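This report walks through selected parts of one protein model, moving from two annotated residues to the ligands and then to other places along the chain. Please keep the sequence and the structure at hand while reading.

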Amino acid sequence: MVSFETFLQPNNFLQKKTSGMIGYDVPEGVDIRGRYDPEFSKILTRDALQFVADLQREFKNHIKYAMECRKETKMRYNNGGLPGFDPATKYIREGEWMCAPVPHAVADRRVEITGPVERKMIINALNSGAKVFMADFEDALSPSWENLMRGQVNLRDAVNGTISFHDQARNRVYKLNDQTAKLFVRPRGWHLPEAHIFIDGEPATGCLVDFGLYFFHNYANFRKAQGQGFGPFFYLPKMENSREARIWNNVFDKAEKWAGIEKGSIRATVLIETLPAVFQMNEILYELRDHSVGLNCGRWDYIFSYVKTFQAHPDRLLPDRVLVGMSQHFMRSYSDLLIHTCHKRGVHAMGGMAAQIPIRDDPAANEAALELVRKDKLREVKAGHDGTWAAHPGLIPACMEVFTNNMSNAPNLIHSMKRHDASILTEEDLLQSPRGVRTMEGLRLNTRVGIQYLAAWLTGAGSVPLYNLMEDAATAEISRVQNWQWLKYGVELDGDGLGVKVNLDLFGRVVEEEMARIEREVGKEKFKKGMYKEACKLFTRQCTAPVLDDFLTLDAYNNIVMHHPIASSRL
Ligand SMILES: CC(=O)SCCNC(=O)CCNC(=O)[C@H](O)C(C)(C)COP(=O)(O)OP(=O)(O)OC[C@H]1O[C@@H](n2cnc3c(N)ncnc32)[C@H](O)[C@@H]1OP(=O)(O)O
Ligand SMILES: O=CC(=O)O
Ligand SMILES: [Mg+2]
């Protein structure tokens, strides 16, 4: 497995500094190892890089410490411990405090569209009719140098209102409408390095690069054009503990001071998408109370995290991935407690993503998919969520209708749906094992989805449609860790009536057969040109590893690091 520490060893990089060649104008201690591009150089200015370097220098030890704490906690769970509420922070959970009032500009977030920071998609998302667009450097983006830097260029143009795109094949020009969604940006998680930017001899922290460059170039225009004096707005992913939220809060404080804007200008919604974090929701809001606009149910990573947290607990095996929905007791409890917690503190409780996307060539299947989305959204709004996520513009009208019909005329439900009943939810409710069967088809589906997703990711696409569902890094993680878990514990596939146990032989056969199926489905040509074999190797190694890798993408990242002028380098 490639750990964060591996990236800290410069000797692992074949590429050294490109002195004397055309390159970026960098401040002391900063080394750019990604391709030079004149467009990128307008983002990677000396001052912007200085801002990122200052963030890195101030916070790197706090981040390292937080990552060490994650390891310690993991060890505790691996030794039989369970996540739970922290007695030391009871006073925060029981205290009477509120988050800063929600800015008017983002009071109404009933439907939010998400998508990678790709140029055409940004325009489509901003024009989609959703209230918010979450532009994603995380689950939906393969973090290649090109994707990240183009993403920054695209966001700058979007905030300036000058973004356009000419689709030459269709001779169609894309421009922003007069009315657009409010922009939130999701940087990467704390664990991911940015291997193309070295600061003082170490790879920069990915999320500080994403945040720092975006904030530096856009805060002023954003506040004028979008935030009505507030902003910029962010989504913060994959945190496990409130100490990680405190780092973000300090990053925001520092950025505000640097920009000379009022404390509390920057606002962020934290995704509750790890199992340990569900016990820290009050604490996370408390740390970010000047900068918070709520929490979101990141349901897919949450399921992934359930498996990861309980990797050493064979009594908590998951059933087939398709059976782990929001109606499972532990998922419903998580959503209910999140709503209660957010509304008690005066901020939004956002729902999550239904994975269905429109099915163009089959009206009946399309209607069935839409109906599943409507049902999911109805459950969310009735439970008290203030808004929800949509993966595709085609789903916005249906989501909007469900939320609008169930919200009276208010922009949100913060004050009307307190969900006091959820305050009694216990650790047992939040940890209850999901119910359901395991099948050979579940194993097969995990395998062919995981491999195809990874093949797309390695070629630059971080979200893809597969079998009429949206797949991204979070959903692919479920496929990976579920296979790992079933193999590790030799589970019986009890839903088929065959009593087959999962072992290496069986998995080997499944991988071979699913690769053959993928080749048939995508066609020989695409299969040959694509990265399916590389993806298969990576995915199979991770599913069969004696020790579970923390993240699929941390290992896979190794394959997309491209140092220049040497065309490609392996870490
Ligand atoms: C677990 C989580 O973290 S969820 C959040 C992260 N995941 C995401 O954000 C996924 C977002 N969704 C997507 O990436 C896409 O919808 C996909 C990959 C699933 C499907 O995309 P496609 O195959 O291109 O869909 P499709 O062909 O139906 O697209 C039709 C049009 O809608 C646009 N579109 C589709 N999804 C989006 C989106 N999320 N945002 C903006 N535009 C979109 C396409 O660009 C295309 O535009 P065009 O007609 O102008 O060419
Ligand atoms: O980021 C969202 C999720 O569901 O994961
Ligand atoms: Mg996620």
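This is a predicted model: local features need pLDDT of at least 70, side-chain atom pairs count only at pLDDT 80 or more; totals for chains, interfaces and linings use all residues.

## Two residues annotated as active site

An unreviewed UniProt entry gives the annotation "active site" to Arg-186 and Asp-472.

Where along the chain's elements does each of them sit? Arg-186 is found in strand E6, which runs over residues 182-186, while Asp-472 is found in the loop between strand E15 (469-471) and helix H17 (473-488). Both can be judged against the cut-off for burial, which is a relative accessible area under 20%. Arg-186 has a relative accessible area of 2% and is therefore buried, and Asp-472, at 8% relative accessibility, also counts as buried.

## What the two residues touch

When neighbours within four places in sequence are left aside, the contacts of Arg-186 include Met-134, Ala-135, Asp-136, Phe-137, Glu-138, Asp-139 and Ala-140, and among them are also Tyr-235, Pro-237, Leu-271, Glu-273 and Trp-389. With one of these residues, Glu-138, the side chain of Arg-186 makes a polar contact through its own side chain, at 3.4 Å.

Asp-472, with its neighbours within four places in sequence again left aside, is in contact with Asp-139, Ala-140, Tyr-453, Gly-462 and Ser-463.

## The surroundings of ligand 2

Arg-186 returns in the shell around ligand 2, which is made up of Asp-139, Arg-186, Leu-271, Glu-273, Gly-298, Arg-299, Trp-300, Asp-301, Trp-389 and Ala-474. By class, this shell has four nonpolar, one polar and five charged residues, and helix H11 (residues 299-309) gives the most to it, with three residues.

For Arg-299 it is a backbone N or O atom that lies 3.1 Å from an oxygen atom of ligand 2. The protein covers 97% of the 190 Å² of accessible area that ligand 2 has on its own.

## The surroundings of ligand 1

Ligand 1 is surrounded by 28 residues, of which the closest are Thr-114, Lys-120, Tyr-174, Arg-360 and Ser-463. The shell divides into 15 nonpolar, five polar and eight charged residues. Strand E2 (111-116), helix H5 (119-126), strand E5 (172-175) and strand E14 (464-466) each supply at least two residues of this shell.

A polar side-chain atom of Lys-120 lies 2.7 Å from an oxygen atom of ligand 1, an N or O atom in the side chain of Tyr-174 is 2.6 Å from an oxygen atom of ligand 1, and for the side chain of Arg-360 the corresponding value is 2.3 Å. Of the 950 Å² of accessible area that ligand 1 has on its own, the protein covers 84%.

## Further places along the chain

The unreviewed UniProt entry also annotates residues 28-91 as "domain: Malate synthase N-terminal". This span is 64% helix and 5% strand, and its end C-alpha atoms lie 45 Å apart.

Asp-167 has its place in strand E4 (residues 164-167) and is buried, with a relative accessible area of 11%. A polar contact of 3.2 Å joins its side chain to that of Arg-170, and, beyond neighbours within four places in sequence, Asp-167 is in contact with Arg-172 and Tyr-174.

Phe-133 is found in strand E3 (residues 132-136) and counts as buried at 1% relative accessibility. Phe-133 and Val-185 are 52 residues apart along the chain, and their C-alpha atoms are separated by 8.2 Å. Not counting residues up to four places away in sequence, Phe-133 touches several others, including Ile-113, Thr-114, Leu-126, Leu-183 and Phe-184.

Methods: Residues are numbered from 1 along each chain as its sequence is written. Chains are lettered from A and ligands numbered from 1 in the order in which they are written. Side-chain values use heavy atoms; hydrogens and water are left out. UniProt positions are given in the numbering used here, feature names are shortened, and annotations may be inferred rather than shown by experiment. Helices (H or I, at least four residues) and strands (E, at least two) are DSSP runs, numbered from the N terminus. Buried means under 20% relative accessible area, exposed over 50%, partly exposed in between (1.4 Å probe, protein chains only). Contact means heavy atoms within 4.5 Å. A polar contact is a pair of N or O atoms within 3.5 Å; within protein, one must be able to donate a hydrogen and the other to accept it, and residues adjacent in sequence count only if both atoms are side-chain atoms. A residue is near a molecule or strand if one of its heavy atoms lies within 4 Å of it. Accessible areas come from the Shrake-Rupley method with a 1.4 Å probe; for residues, only the protein chains shown count as cover. Ala, Val, Leu, Ile, Met, Phe, Trp, Tyr, Cys and Pro count as nonpolar, Asp, Glu, Lys and Arg as charged, and the others, Gly among them, as polar.
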